[in-house]
Amino acid sequence: MEVIKGNQAPSPQGILSLSVITVAQNRTEHLLESAAAIARWNGHREHIILDWNSSPAILRGDLPDDPRIRLVRVEGEKQWWLTRAYNQAVKLSQEYWLLKVDADCVLENAFFEAFQPDRATLQTCWHHSGLASESNFGSWGLFCVERGAFQRCGGFNEWLFGWGFDDTDLYERLLELPDTSLALLPRCGIRVLLHGHQQRLGQQHPGWHRPLAGWLLEAQRQGNITMAALSRQAWVTLGPARFNETPSQPPAPPAHWRRIRRQRMLRSLLNQPLRAGVAGLSLIIPDALVGWLLRMVGVQDWPNPPLPPEGPAGVRSLGHRRYVGGHWNRIGQLQLNFLIQQGLKPQHTLLDIACGSLRLGRKAIPYLEVGNYIGIDKEQALLDAGLHHEIPAALVEARRPLLIQASDFGFERIGRRVDMAIANSLFTHLPPDLILLCLQRLRPWLAPGACLYATFFESTSEQCHPKDPHDHGYFAYTRAQMLDLGNQAGLNPYYIGDWGHPRGQRMVAFKQDLQHPASDHVPG
Ligand SMILES: C[S@@+](CC[C@H](N)C(=O)[O-])C[C@H]1O[C@@H](n2cnc3c(N)ncnc32)[C@H](O)[C@@H]1O
């Protein structure tokens, strides 16, 4: 993992390699006061302020006239999602130390005079460790951490959302890293601006929720505690990759985790006298009803951020490398190495299904003999970008790759059988009927004994998916489902599993029969 390291040594003026980070949704009033206090300090290099879709938007002109402030707005995010917002802000920052300051936390001179970032890997006002008390509630979210440690532990767990337990979960994971030291932040010069529970809940809640706000927050916190316990291990594996260059969506948490979280939230909403009798009952209430009840009282079960656009608009807004998932060099090389391990030789014909902007193509075209690389994709904009920006013209001329635009898996356009095929990160975006169609249409075009290697996100239980595919959606399948689709298509599937994909995609192979190479539609 790449870790950005700033300059650790203080400059002659004593300026630290430190990024202050703040995220806010509809806390502009507080932010103006807390940002002004930070701007008065000369000890940091930048202050990243991420506006999480506030309405109205935070304006740069409202903030102090300090060139170290970088205001970035995230649009389209309806719900408050602290963990995701802070991880994004960290990605935008540059320096060696990170000081997380919430919008409602005003740091005054006395704090900065006593503050020494390099005293420990992590400095907090953490209440669980006994380092803080109820009296400084509100500053519990203030911490300073070494950037490398923050990234190594995966940063904030984005499967926690809303309010509560996000910091505690982070501190616990940080402290599990080898060699993490912990110290207490100065306890002077911290002033927390008063605000009600209502503001903590974010913008989605009508006035009649006000008396319930404390309750609702507690329900969210209980849900997060549960989710943190369920997902800890998975996040430790997945999390560090979230700091690579591509801001991808975290995969959706498994359905059964969400169900357990919802049950826990519902139970915490039931008041004490009722709790004893009804807590057990809540466990047998149908899932959909639990979700509906929670939504009725304003507790969202799961944020549903909009996906980036597909097609040419998506390619324009994300760029052709990010559109296909980033990790440009790494995943391209990983694919070629894997195929060579499986026996790919320069004289073989390789079909790259959903080749995108030629992440694999740029590695495979020089390796293969003339005309042996065939790429097919539904997006002409990606094929064009790959061909014109990623492959030298002389190489295109010399190796003459065949690139086909098609979204219907019409492999007959290739006109010959292929010796090997790969579909990297395609089935991760398709519903099952399209996966089956792809396999069925491919079968006649695989030479005897040839294999399609395809990646997929593996889940332990069957998931409900939207019925339409989406290039930035997340579709996960059990191993049995994948093998079953292969069998239905008349191929011989076998599971390969982990092949080193940085986002944990697993590999499955679909092998053509040796004896009966094709179906009724044998190509001529
Ligand atoms: C995550 S990208 C992966 C691209 C490429 N395999 C790689 O590893 O760089 C998914 C690709 O699938 C393509 N795709 C999605 N549905 C398709 C379909 N029905 N036919 C062909 N390509 C499709 C998208 O256009 C996109 O390029």
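What kind of unit do β13, helix α17 and β14 make?

Analyst: They make a right-handed β-α-β unit. Right-handed has a viewing rule: with the strands pointing away from the viewer, the path from the first strand over the helix to the second runs clockwise. Helices (DSSP runs of H or I, at least four residues) and strands (DSSP runs of E, at least two) are numbered from the N terminus. Residues are numbered from 1 along each chain as its sequence is written. The model is predicted: local features need pLDDT of at least 70, side-chain atom pairs count only at pLDDT 80 or more, and totals for chains, interfaces and linings use all residues.

Start with the pieces. Strand β13 covers residues 418-423. Helix α17 covers residues 432-442. Strand β14 covers residues 446-458.

Now look at β13 itself. Five of its six residues are buried, so the strand is largely enclosed by the rest of the structure. Buried means that 20 or more other C-beta atoms lie within 10 Å of the residue's own; exposed means 12 or fewer, partly exposed is in between, and the C-beta atoms are placed from the backbone. Across the protein, 40% of the 524 residues count as buried.

Which strands does β13 join? One is β14: five bridges link the two, and they run parallel. Here Met-420 stands opposite Cys-451 in β14. Another is β10 (residues 350-353), which has three bridges to β13 and also runs parallel. In that pair, Leu-351 stands opposite Ala-421 in β13. Two strands count as a pair if DSSP finds at least two bridges between them.

Next, follow the chain past β10. The loop between β10 and α14 (361-367) holds Leu-358. Leu-358 has a positive phi of about 70°, although it is not a glycine. It has 27 C-beta neighbours inside 10 Å, so Leu-358 counts as buried.

Compare Arg-400, in the loop between α16 (393-399) and β12 (402-405). Its phi is also positive, near 45°, and it too is a residue other than glycine. But Arg-400 has 12 C-beta neighbours inside 10 Å, so it counts as exposed.

Last, step back to the whole. The protein has 18 helices and 17 strands. It also holds an open sheet of seven strands, in the order β3-β2-β1-β4-β7-β6-β8, with mixed pairing. β3 (69-74) and β8 (182-184) stand at the edges with a single partner strand each, so one side of each is left without a neighbour in the sheet.
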